[in-house]
Each structure stands twice: as structure tokens, then as C-alpha cells.
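Work through the exercises below with the sequence and the coordinates at hand. Each task is followed by a solution in steps.

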Amino acid sequence: MFESKSGILLVGGLGFFAFAFLSNALVPALLYRHMPEQTTAQLVASNSNLMYQFENLSQRYPESFAAHFGSPTPENCAEALELGRRVYTGEGCWHCHSQFIRPVSREADRWGPVSKTYEYQNELQRPVMFGTRRVGPDLSREGGRRSNDWHAVHFFKPTLLSADSPMPAYPWLFHGSPDKPNKRGLALITYVQWLGSWLESYPLYEAYAPLPIPRSKILPGASRAGDQNVATESDSSEETSTGGAAKESEAKESEAKESEAKESEAKVSPPESSTPKSSETTASEPKSSATGSNATESSATEAKESAATKTAKDQPDGSSK
Ligand code: HEC
């Protein structure tokens, strides 16, 4: 038997299985046997970030919350967490989302600190949901990254917030509309806000500057100059805002940004009939001297040059801006 190919494979296979059991189950179990597993109640008691989110839920969805959880006490929060975890497993969120930041591929830059063993040493991590696939982003640092109402709308219909999202909609977590989450919906939001909220520096995204969303996706026809304005403004506000205030004002900010974008759009592109676009004329000025010999272009640039002198006259300081 041991001389045949299949015999060697059998012994090898069993051997590796035994080795994996030893190194991945027995050794860690013995190594951490003095570290008691935390209960959900303990997790809630030591986590004010989570209680903040739970209270916020009670204020945002007062009717649903009162009907399903009553008041935002730590006991109710523990109940919501446990239910939320069951919903997360039951809906198969772990098919597409991992919960483990690996110490490779600069994952810490993307999501936050690399996952540590102690983070998995509690009741809510049984079984752990490391996940094997990442169709969506890792969620182990999701807590506090988005507001509660963001999650509600996203679970109701992901494409409302993330165009072309392949994430399924979960309308059965709501009473018909995204502002009426049911018990399971509220519980799932609590669970998602818990992920990573146990870390000391929270939220982790103070210095995180998202890529500017192309204006064309939000405001059809918005100009380039307006684009840059909005991008720099949103960056600076992202850096200065901290903590809970950032979460609270997230929705307001995006509204403000949109109105700012509209304003700046109005500034850079005045009605065609009055003055020619100032940004265009400045751009064409150096070009006109360089390519003056080009016959086809010169007529066009001449027209623009006269436009430029006209703007220069319009502006008392002579600048065309
Ligand atoms: C088919 C795969 C798939 C399934 C199943 C899935 N998601 Fe997602 N999820 C995604 C993708 C892709 C994204 C990124 C695009 C987006 O934001 O919708 C995402 C985004 C998210 C985000 C936003 C992350 C962020 O901050 O940008 C959260 C939170 C989330 N999913 C939670 C869940 C929960 C909870 C469930 C289960 C109820 C779930 N997902 C099920 C694919 C999936």
C-alpha cells in the first residue's frame, strides 16, 4: 500500500490534515486558554462608540426603534448585536465581504490597522467570518465609516448610493421604505457599526480622503474649474472634521457640496451673451504667439485675442480672470 501512488497521497493527505489541526486549532487553543472569551454584554459595556451609534439609531428612526427595541440601553444593544450577527450570517453577507485585514498588499492603507488575534476573542466571532472572497470591501473596519442612514438606504437598494453595485438589495429588512427599518434591519445596522468600533483610535478615517467623484456623475455639464474647486474643498473639510461630528454632518456636507458646485459652476461660466469665457481666453493667449504662422489657426486665435483684449478692458485691473 505504501509503495503505491494512492497510498502515498492518502498518508500525505492525512498527515497534512493532522498538521493543520495541530497548528491551527490545538496550538492557538493552548496558547490563549488563559484569555477568557468576552461575552456580548461585556463587549457593549466597554464600547461607547457602539452605544453612540445605537442611540443615534433611536433618534433617527424613533418609531421603528421604539417598537422593536424600546430604549437604547446596553442590554437592548447586546440583543441587537446578536440578532444583527445572525442576520449577517443568514443573509450570506460573508459570501462577498471578508472581515480580516491582512498584513500584506498595503491593506492597512485601504481599510485600517491589520487585524489582531484579540479582536476575534469574543462570542460574536463564533464562528469567525474571515471570508474567502472579496466581491465587496473588507468590513472589519466598517464601524463609524458611514452613517446609520447611509447603511439603511444602502441595504434597501445599494444602487441608490453606489451606481452599478452588484450587492443585492435587502428590502425585507424594512417596512416598505428605507426610512422604516424593521427589527432585523436595525439589528444589522448595529452589527455593521460595531465592526472595528472596538479599536482605540476611532473612527480610523480622519485622514482618509476619498477620491473626488467625477462631477459629471452628479451634475451633468459641470465645468472642469468647478470640479477642482469642489475637490479641494471637500478634501480640506474631510481633514478638519473629526469624530461623531463627521458622521452626523456627512449628509449635510454632501448637500452643501452640491450647492457649492452649483455656485462655482455659475461663477466660472457666465451666460454666453455677456463676456466670453475668461478661462478659455487665457489658455489660448500663449498658443496664439507660438502658432501665429499657422494660417488655419490664426483666424480663430485672432478672434479669441480680440475677445481677450475685450475682457482685459472690461476688468479694471487688466487681468482676464
Ligand atoms: C454579491 C456580493 C455581495 C453581497 C451578498 C453583499 N455585499 Fe455588501 N457590497 C458588495 C459590493 C460589491 C460593495 C461595494 C459597492 C457598494 O458600496 O455597494 C458592497 C458594499 C457594502 C458596504 C459598504 C462598504 C463601504 O463602506 O463602502 C457595506 C456596509 C456592505 N456592503 C454590507 C453588506 C451586508 C451587511 C450584506 C448582507 C446583508 C452584504 N453587504 C451583502 C457586495 C456584496
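Two residues are in contact if their C-beta atoms, placed from the backbone, lie within 7 Å. This is a predicted model, in which local features need pLDDT of at least 70, side-chain atom pairs count only at pLDDT 80 or more, and totals for chains, interfaces and linings use all residues. Residues are numbered from 1 along each chain as its sequence is written.

**Exercise 1. Describe the protein chain as a whole.**

Step 1. Helices (H or I, at least four residues) and strands (E, at least two) are DSSP runs, numbered from the N terminus. The protein chain has 14 helices and 0 strands.

Step 2. Take the contacts with a separation of 6 or more: 71% of them in the protein chain join residues 24 or more positions apart.

Step 3. A residue is buried if 20 or more other C-beta atoms lie within 10 Å of its own, exposed if 12 or fewer, and partly exposed in between, with C-beta atoms placed from the backbone. Of the 321 residues in the protein chain, 24% are buried.

**Exercise 2. Characterise helix α5 and what it packs against.**

Step 1. Helix α5 covers residues 74-90, which is 17 residues. From first C-alpha to last it reaches 24 Å, close to the expected 24 Å; the expected span is 1.5 Å times one less than the number of residues.

Step 2. The buried residues of α5 are Cys77, Ala78, Ala80, Leu81, Gly84, Arg85, Val87 and Tyr88. They pack against α2 (40-45), α3 (48-60), α4 (62-69) and α8 (183-194).

Step 3. After α5 comes Gly92, with a positive phi near 75°.

**Exercise 3. Which residues have the most contacts inside the largest nonpolar core?**

Step 1. A nonpolar core is a set of buried Ala, Val, Leu, Ile, Met, Phe, Trp, Tyr and Cys residues joined through C-beta atoms within 7 Å. The largest has 30 residues, and those with the most contacts inside it are Cys77, Ala80, Leu81, Leu186, Leu188 and Tyr191.

Step 2. Two or more residues each come from α2, α3, α4, α5, α7 (148-156) and α8. The largest share, 7 residues, belongs to α8.

Step 3. Beyond its neighbours within four places in sequence, Leu186 is in contact with Leu57, Tyr61, Ser64, Phe65, His68, Phe69, Ala80 and Pro181.

**Exercise 4. Describe the surroundings of the ligand.**

Step 1. A residue is near a molecule if its C-beta atom, placed from the backbone, lies within 6 Å of it. The ligand is surrounded by 24 residues, of which Cys93, Cys96, Gly136, Ser162 and Ser165 are the closest.

Step 2. Count Ala, Val, Leu, Ile, Met, Phe, Trp, Tyr, Cys and Pro as nonpolar, Asp, Glu, Lys and Arg as charged, and the others, Gly among them, as polar. The shell then divides into 13 nonpolar, 7 polar and 4 charged residues.
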